[in-house]
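Please read the points below with the model open.

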Amino acid sequence: MENSRQFLKRLAGFSIGPIGAAILGFINVPVQTWLIDPNQLGKAAMYTMAFQLTSLFLNLGIDQAYVREYNAEKDKKNLLWNTFLIPFIFSLIIMFVYLYFYEPISILLFDSVEKYIIQILAFVLPFAIIFRFNTLIIRMKEKAKLFSFVQIFQKLMTLGFTVIILLFFNRNFKGIIQAQFFSMVSIAILTTVINLKDWLYKFKIDRKLIKKVVLFGLPIIPASIMAWVLNSMDKIALRTWADFEAIGLYSAAFKIVGIIIIVQQAFATFWAPTVYRWYENNVAKEKYEIVSNKLNSIMILLFGFIILFKDLIIKILSPEYSEASVIIPFLMFYPIMYTLSETTQMGISFSRKTYYNIIVTGVSGGINILGNYLLVPKYGALGASISTGISYIIFFWLRTIISRFLWVKLNIKRHIISTIMMIFFAFLSIIYNNIIINFFSFILIVIYTFKDIKSAFYYIKSIINFKIQKSSDK
């Protein structure tokens with residue numbers, strides 16, 4: 001069984017990639033906002049929404065089945081091919097559907113016929129599936145350094161393509177979309193070459209295995225559709241009751257929230273293979289609780305930090321985007337509550353009763369629809385952010401409660417307190433937007449999380465000392 005030092009070392013290894021990628025992605029934010037106006041960024045955001053939300057159900061839940069069965073299956077290559085082919089074929093079907101119905105899809109997204117952009121959206125889908133499974137191969141093998149390299153290199157290519165295309169070719173939303181396309185195709189090819197030994201295999205259709213992964217993945221399909229509603233209703237509402245400028249401001253605020261998404265991506269990448277291995281090895285529930293509580297402290301501390309400095313952070317964007325500041329507080333609940341739920345919902349995955357995800361995303365998505373309907377016409381992008389934040393709070397607690405019913409009852413006292421604190425501080429920030437109030441909110445959060453912060457510094461210090469001592473012994 002791994003000790004705390006080994007756990008943190010592996011976490012740090014997997015975190016380098018998402019953190020580096022997120023920093024590069026964050027650098028991309030001011031590049032875009034200084035080169036194109038909110039209206040153009042709003043159109044680019046609609047394309048990104050279409051791509052991301054198509055990807056949600058494109059995998060048919062089979063990618064998650066690959067992760068679930070990886071440690072249980074001896075023949076990893078056989079598992080790879082029998083899980084990959086289904087979503088890949090489905091991506092080709094969706095590709096032709098998009099190509100055929102390009103006109104109504106482009107009008108829905110951009111209020112104009114953009115055949116070229118829909119073609120890009122269609123052709124990128126198979127590459128997205130290839131890249132998804134290549135990253136899963138690397139993750140499940142727990143090759144932290146390689147995974148980090150891939151994540152950073154992809155964002156580096158995206159940034160490079162964005163700067164070149166916006167400066168010298170298309171200084172509009174089409175330039176951003178082209179940059180994303182070239183980046184995805186390039187990284188899909190590169191990771192296939194890296195994992196070539198895993199793909200070179202004379203596989204056979206394993207009906208028993210396919211049945212197992214499909215039964216695991218099928219309940220995730222309607223849940224993914226519900227997740228589509230949950231994740232897209234904000235932009236759909238803004239597209240219906242506001243304009244592309246509001247979508248652009250909302251998108252800019254969402255990119256600022258990417259500071260927290262750094263932690264979400266880093267942790268999620270590391271946690272999936274780790275938690276299934278722990279389960280197979282019958283690790284005590286106290287270890288899950290420790291991780292959940294430490295992560296809770298990190299997330300609420302980041303929440304307070306961004307609340308305090310949000311008006312300063314927003315200044316890196318073009319002055320046209322200054323109004324995005326007020327949108328940030330409730331948008332942070334999306335990455336925070338989603339990330340925390342990864343440490344409290346394991347009972348759903350362990351029990352293979354993934355159909356409970358339908359209830360979770362269905363209820364959360366319904367709340368989001370209602371919230372956007374009531375708030376967006378009156379408050380615009382701010383209303384969309386509040387609705388998104390509330391729906392993800394509900395998402396977290398539904399996942400947590402159901403998991404406790406299916407598996408062990410982890411201690412969630414800290415999560416209850418943290419949720420109440422963050423909701424209170426978010427409303428204070430929106431209503432008053434006062435630096436003094438935001439400062440005292442941050443101080444209260446620091447006091448609340450001080451014990452975990454102290455222990456985190458202790459572990460980091462012990463790792464550094466261990467490295468120094470190891471180097472001196474050589």
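**Notes on the predicted model**

1. Helix α16 (residues 333-341) is mostly covered, with 8 of its 9 residues buried. Buried means under 20% relative accessible area, exposed means over 50%, and partly exposed lies in between (1.4 Å probe, protein chains only). Helices (H or I, at least four residues) and strands (E, at least two) are DSSP runs, numbered from the N terminus. The buried residues of α16 are Phe333, Tyr334, Pro335, Ile336, Met337, Thr339, Leu340 and Ser341.

2. On conventions: residues are numbered from 1 along each chain as its sequence is written, and side-chain values use heavy atoms, with hydrogens and water left out. The model is predicted, so local features need pLDDT of at least 70 and side-chain atom pairs count only at pLDDT 80 or more, while totals for chains, interfaces and linings use all residues.

3. Confidence is given as pLDDT, the predictor's own value for each residue, from 0 to 100. The chain has a mean of 83, and 90% of its residues reach 70 or more. Helix α1 (residues 4-35) has the lowest confidence, at a mean of 66, and α8 the highest, at 93. Where pLDDT is low, the predicted coordinates should not be read in detail.

4. The chain contains 21 helices and 0 strands. Of its 474 residues, 55% are buried. Contact means heavy atoms within 4.5 Å. Among contacts between residues at least 6 apart in sequence, 84% join residues at least 24 apart. The accessible surface comes to about 21400 Å², and 68% of that belongs to carbon and sulfur atoms. Accessible areas come from the Shrake-Rupley method with a 1.4 Å probe; for residues, only the protein chains shown count as cover.

5. Asn28 lies in helix α1, the helix where confidence is lowest. Asn28 counts as buried because its relative accessibility is 7%. Leaving out residues up to four places away in sequence, Asn28 touches Thr158, Leu159 and Thr162. The C-alpha atoms of Asn28 and Gly160 are separated by 9.2 Å, although the two residues are 132 apart along the chain.

6. Gln40 is found in helix α2 (residues 38-58). At a relative accessible area of 18%, Gln40 is buried. Not counting residues up to four places away in sequence, Gln40 touches Asn172 and Phe173.

7. The structure holds 25 aromatic pairs. Rings of Phe, Tyr and Trp (its six-membered ring) pair if their centres lie within 6.5 Å; planes under 30 degrees apart count as stacked, over 60 as edge-to-face and the rest as tilted. Tyr66 and Tyr70 form an edge-to-face pair, because their ring centres are 5.7 Å apart and their planes stand at 65 degrees. Tyr66 is buried at 2% relative accessibility, and Tyr70 is buried at 9%.

8. A further edge-to-face pair joins Phe84 and Trp199, at 4.8 Å centre to centre and 75 degrees between the planes. This pair links distant parts of the chain: Phe84 is in helix α4 (residues 76-100) and Trp199 in helix α9 (residues 196-199), 115 residues apart. Phe84 counts as buried at 6% relative accessibility, as does Trp199 at 10%. Tyr66, Tyr70, Trp81, Phe84, Phe88, Phe133 and Trp199 form one aromatic cluster.

9. Is Leu190 buried or partly exposed? Leu190 is partly exposed, because its relative accessible area is 26%. Leu190 sits in helix α8 (residues 173-194), the helix with the highest confidence. Apart from neighbours within four places in sequence, Leu190 is in contact with Phe149 and Phe153. Its C-alpha atom is separated by 9.6 Å from that of Asn134, 56 residues away along the chain.

10. Ser385 is in helix α19 (residues 381-406). With a relative accessible area of 1%, Ser385 is buried. Ser385 touches Tyr250, Ile327, Phe330 and Leu331, residues up to four places away in sequence not being counted.

11. Leu444 belongs to helix α21 (residues 435-473) and is partly exposed, with a relative accessible area of 46%. Ile435, Ile436, Phe439, Phe440, Ile443, Leu444 and Ile447 form a nonpolar surface patch, with about 700 Å² of accessible area together. Like charges are joined within 9 Å, and nonpolar side chains (Val, Leu, Ile, Met, Phe, Trp, Tyr) within 5 Å. An α-helix has 3.6 residues a turn, so residues three or four places apart point the same way.

Note on methods: Patches are made of residues with over 30% relative accessible area and no salt bridge: like charges are joined within 9 Å, nonpolar side chains (Val, Leu, Ile, Met, Phe, Trp, Tyr) within 5 Å. A salt bridge is a side-chain nitrogen of Lys or Arg within 4 Å of a carboxyl oxygen of Asp or Glu.
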